[in-house]
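Colleague: Please put the model up, and I will ask about it piece by piece.

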Amino acid sequence: MSLIHVFSILQDLVKVVSDVSKFLGKDLDKETIERIADHCSFGKMKKNPQANKSQNLMKDTVNGDTGNTVQFMRKGKVGDWKNQLTVAQNEIFNNLYKDKLQETDLNFDKFVL
């Protein structure tokens, strides 16, 4: 099994694409890996209506607290959840996260927000 964390993707997408291609048994040249990474970058994905459903599925969904339209892909920045969730909502999420994943052999403690 191979686990990819979002922080790895944000830090070095080219390396993640290279690692995934090796995991899949594909020997891709550097140029192809870089093109794939560029195509999969947050900025490109956010502009792609096939990847970013905000433009279709969520265009009329409004956050009751702020009145803002909900975005499927917001900023692509680590920690932006703090602008979206209250402390209480974050605690509920963390408890649910731990509860549902405690029976796995994966260690998620360092990823709890």
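This is a predicted model: local features need pLDDT of at least 70, side-chain atom pairs count only at pLDDT 80 or more; totals for chains, interfaces and linings use all residues.

Modeller: Residues are numbered from 1 along each chain as its sequence is written, and side-chain values use heavy atoms, with hydrogens and water left out.

Colleague: At what angle do the axes of α2 and α3 cross?

Modeller: Helices are DSSP runs of H or I with at least four residues, numbered from the N terminus. Axes are lines fitted to C-alpha atoms over the stretch in contact, and angles run from 0 to 180 degrees between N-to-C directions. The axes of α2 and α3 come within 9 Å, and they cross at roughly 115°.

Colleague: Which residues of α3 make the contact with α2?

Modeller: Contact means heavy atoms within 4.5 Å. On the α2 side, Leu13, Val14, Val17, Ser18 and Ser21 take part. Their partners in α3 are Ile33, Glu34, Ile36 and Ala37.

Colleague: Which residues of α2 are buried?

Modeller: Buried means under 20% relative accessible area, exposed over 50%, and partly exposed in between (1.4 Å probe, protein chains only). The cover over the buried residues of α2 includes α1 (6-11) and α3. Those buried residues are Leu13, Val16, Val17, Ser18 and Ser21.

Colleague: What is the N to O distance in the salt bridge of aspartate 38 and lysine 44?

Modeller: Aspartate 38 is partly exposed, at 40% relative accessibility. Lysine 44 is also partly exposed, with a relative accessible area of 40%. Their side chains meet with an N to O distance of 2.6 Å.

Colleague: Is leucine 24 buried or exposed?

Modeller: Leucine 24 is found in the loop between α2 (13-23) and α3 (30-39). Because its relative accessibility is 56%, leucine 24 counts as exposed.

Colleague: How far apart in space are lysine 77 and phenylalanine 42?

Modeller: Lysine 77 lies in the loop between α4 (42-47) and α5 (87-101). In sequence, lysine 77 and phenylalanine 42 are 35 residues apart. In space, C-alpha to C-alpha, they are separated by 9.6 Å.

Notes:
Helices (H or I, at least four residues) and strands (E, at least two) are DSSP runs, numbered from the N terminus. A salt bridge is a side-chain nitrogen of Lys or Arg within 4 Å of a carboxyl oxygen of Asp or Glu.
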